[in-house]
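Hi,

Here is the structure I promised to pass on. Have a look at it first, and then read my notes below.

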Amino acid sequence: MFFDHLELAPADPILGLTDTFKADTNPNKINLGVGVYQNENAVTPVLKCVKEAEKILLETEQSKSYLPISGLPEYGRFTRELIFGKDSPLVDDGRAVTCHTPGGTGAIRIAADFLYQQHVTQRVWISDPTWGNHFQIVEAAGLKTERYPYYDRVNHSLAFERMLDTLEQASEGDAVILHGCCHNPTGIDPTPEQWDELAAFLAKKKLLPIVDFAYQGFGNGLEEDAYGLRKIVELNSEVIICSSFSKNFGMYNERVGALTCVGANKEAGTKALSQIKLAIRCAISNPPAHGEKVIITVLSNPELRKMWEDELAEMRERMHRMRLLLADKLKEKDAGDFDFITKQNGMFSFSGLSKEQVETLRAGYGIYIVGSGRICVAGINDNNIEYLANAIANVVSH
């Protein structure tokens with residue numbers, strides 16, 4: 001038989017955690033593992049601007065024919081406006097080219113395929129820790145991987161000097177994956193001054209930056225969160241950006257992402273686009289349309305654009321408020337100093353909890369956290385904060 005030799009694959013550490021959470025009968029259970037935004041009622045909402053855009057599409061859409069391999073031109077242009085800034089020459093000068101991909105995950109996979117197939121690089125440096133899928137995707141494409149340190153566990157901060165010291169070992173032509181903002185899983189980002197130094201370092205070492213930009217607008221704002229990426233593009237003539245609308249538009253299941261490649265000139269951009277399209281054609285033929293058309297509809301309509309920015313600010317501010325509240329609650333309960341949580345950005349936080357403490361929280365309290373101690377702060381709300389803080393305080397005091 002063909003499949004008799006197969007073994008059962010281990011469950012995904014995050015999606016498997018959600019399955020276990022769903023089966024838990026504890027009425028007070030809390031899921032802080034899955035990386036999706038939840039509102040105060042523990043619901044992942046459809047944004048109002050998305051609903052309004054879908055109404056427009058329902059009335060006006062005339063065809064379900066295939067999109068171009070790279071997606072609609074307007075989609076690429078709006079994506080470049082967001083990541084580079086509306087007034088950037090890169091929006092229209094042809095150096096930067098954009099293709100629609102199935103989510104940010106698809107962008108990383110297509111980027112890795114492109115780099116491998118076109119012999120752009122053989123080795124990719126990835127932060128330790130990082131999003132769990134980075135290594136699997138890059139290695140599945142055929143590229144080699146190396147790790148660079150990112151997190152100072154003792155001080156709950158960015159290990160910036162160790163990061164640069166390790167990347168000194170990289171060879172000219174290697175690629176480096178960087179989280180553009182809201183680092184997953186730590187929530188710790190470089191300061192503007194560190195971004196300046198890092199961008200110059202990459203240029204000096206002649207490394208290819210690959211910016212995973214999945215959380216624009218979830219940290220400090222759409223413009224603020226793009227600082228590091230824009231500094232890298234300013235000092236490095238060739239850059240790859242993998243962006244996503246899953247988080248900032250709440251469109252997780254529509255798989256709306258983008259791969260943007262910056263070349264040294266327009267001719268390089270044209271050639272890169274032609275080869276990226278070949279990789280897309282081989283992988284998915286052409287992209288799904290609905291999510292892309294929603295993005296175009298919202299960003300091209302001033303009223304919907306304003307509605308989106310307001311809703312995005314509301315999500316960002318709620319998560320920040322939960323960070324502050326959790327740190328204050330834990331301080332009240334003499335659980336120790338968790339103020340470092342308030343200095344992190346975005347959806348995730350490295351809580352400092354050990355694997356054993358995480359297991360105790362799950363077994364004894366029905367609180368589900370990834371084994372590394374990473375928590376999704378969007379899963380915290382005013383209704384569960386007291387229970388969560390009491391549980392953490394009990395666990396850390398034993």
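F2 sits in the segment before α1, the helix that covers 15-23. Keep in mind that this is a predicted model. With a relative accessible area of 74%, F2 is exposed, because anything over 50% counts as such.

Next, a pair of helices. Two packed helices are described by the angle between their axes and the distance between the axes. Here the pair is α2, residues 48-60, and α11, residues 302-332. Their axes come within 8 Å and cross at roughly 150 degrees. Angles over 145 degrees count as roughly antiparallel, so that is how α2 and α11 run relative to each other. On the α2 side, the contact is made by K48, C49, E52, A53 and I56; α11 brings L304, M307, W308 and E311 to it.

While you are on α11, find M319, which is in that helix too. Is M319 buried or exposed? M319 is buried, because its relative accessibility is 1% and the cut-off for buried is under 20%. And what does M319 touch, once neighbours within four places in sequence are left aside? The contacts are Y37, F218, G346, M347, V377 and A378. One more pairing to look at is M319 with N39: they are 280 residues apart along the chain, yet their C-alpha atoms are separated by 9.2 Å.

Happy browsing!

Methods
Residues numbered from 1 in each chain as written. Predicted model: local features only at pLDDT ≥ 70, side-chain atom pairs only at ≥ 80, totals over all residues. Heavy atoms only, no water. Helix = DSSP H or I, 4+ residues; strand = E, 2+ residues; numbered from the N terminus. Buried < 20%, exposed > 50% of the residue type's maximum accessible area, 1.4 Å probe, protein only. Axes fitted to C-alpha atoms, helices over the stretch in contact; angles between N-to-C directions. Parallel < 35°, antiparallel > 145°, perpendicular 65-115°, else oblique. Contact = heavy atoms within 4.5 Å.
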